[in-house]
Amino acid sequence: MSGPSEHLAGSRYETLIKKAFNCGEGDKHGARRGYFINLYRAERGESSGLLGGSFEDQFDEIKENIRAALIEFDSNPSFEMKELISEIDNCENTDCLSAVVKRALDNVK
């Protein structure tokens, strides 16, 4: 069962993607909080509604969505894009991705 922090992480993920690509909720660029919430569930072995065939596939897809969003914000001089991309490259779990998303949103207006 997902908790409030997972729902908050999912909302932050969706917000980051929407801001980066100026898109609405939905499948475009993966702007869907449920994808991220489901990643937490899959990490615990609780979900069968994965994007790909496995947790690793979904993790990699979401990681790439976040990376693409960070690159979109590259023109903002105060944004720590290179550092965040480096962090995301080293992420091995959903909590790590969530922390990167939160830091990114803290730096984006």
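Predicted model: local features only at pLDDT ≥ 70, side-chain atom pairs only at ≥ 80, totals over all residues.
At 2% relative accessibility, Glu14 counts as buried. What does Glu14 pair with? One partner is Lys18, and the closest N and O atoms of this salt bridge are 3.1 Å apart. Both residues sit in helix H1, four residues apart, which puts about one helical turn between them. Lys18 is partly exposed, with a relative accessible area of 28%.

Glu14 also forms a salt bridge with Arg33, again with 3.1 Å between the closest N and O atoms. Here the partners come from separate elements: Arg33 belongs to helix H2 and Glu14 to helix H1, so the pair ties together parts that are 19 residues apart in sequence. Arg33 is partly exposed, at 33% relative accessible area. Taken together, Glu14, Lys18 and Arg33 are linked in a network of salt bridges. The general idea behind such pairs is simple: side chains of opposite charge can pair when their charged atoms come close.

How many salt bridges are there? The count comes to eight. Another one of them joins the side chains of Glu6 and Arg44, with 2.4 Å from N to O. Glu6 lies in helix H1, which covers residues 4-21, while Arg44 lies in the loop between helix H2 (33-43) and helix H3 (55-72), so this pair ties together parts that are 38 residues apart in sequence. Glu6 is buried, with a relative accessible area of 9%, whereas Arg44 is partly exposed at 36%.

Let us turn from charges to the nonpolar side chains. In soluble globular proteins, nonpolar side chains tend to be buried together. In this model, the largest nonpolar core has 31 residues, and those with the most contacts inside it are Leu16, Phe36, Ile62, Ile66, Leu70 and Leu97. Which helices build this core? H1, H2, H3, helix H4 (81-90) and helix H5 (94-107) each supply at least two of its residues.

Phe36 deserves a stop of its own. Its relative accessibility is 0%, so Phe36 counts as buried. Leaving aside neighbours within four places in sequence, Phe36 is in contact with Ala9, Gly10, Tyr13, Ile62, Ile66, Thr94, Leu97 and Ser98.

Phe36 also leads us to the aromatic rings. Across the whole structure, a search finds three aromatic pairs. Ring pairs link Tyr13, Phe36 and Tyr40 into a cluster.

Why is the pair of Phe55 and Phe59 called tilted? The ring centres of Phe55 and Phe59 are 5.6 Å apart and their planes stand at 40°, so the pair is tilted. Phe55 and Phe59 are four residues apart in helix H3, about one helical turn. Phe55 is buried at 17% relative accessible area, and Phe59 counts as buried at 6%.

Definitions and conventions: Residues numbered from 1 in each chain as written. Heavy atoms only, no water. Salt bridge = Lys/Arg side-chain N within 4 Å of Asp/Glu carboxyl O. Buried < 20%, exposed > 50% of the residue type's maximum accessible area, 1.4 Å probe, protein only. Core = buried A, V, L, I, M, F, W, Y, C linked by side-chain atoms within 4.5 Å. Contact = heavy atoms within 4.5 Å. Phe/Tyr/Trp six-rings, centres within 6.5 Å; stacked < 30°, edge-to-face > 60°.
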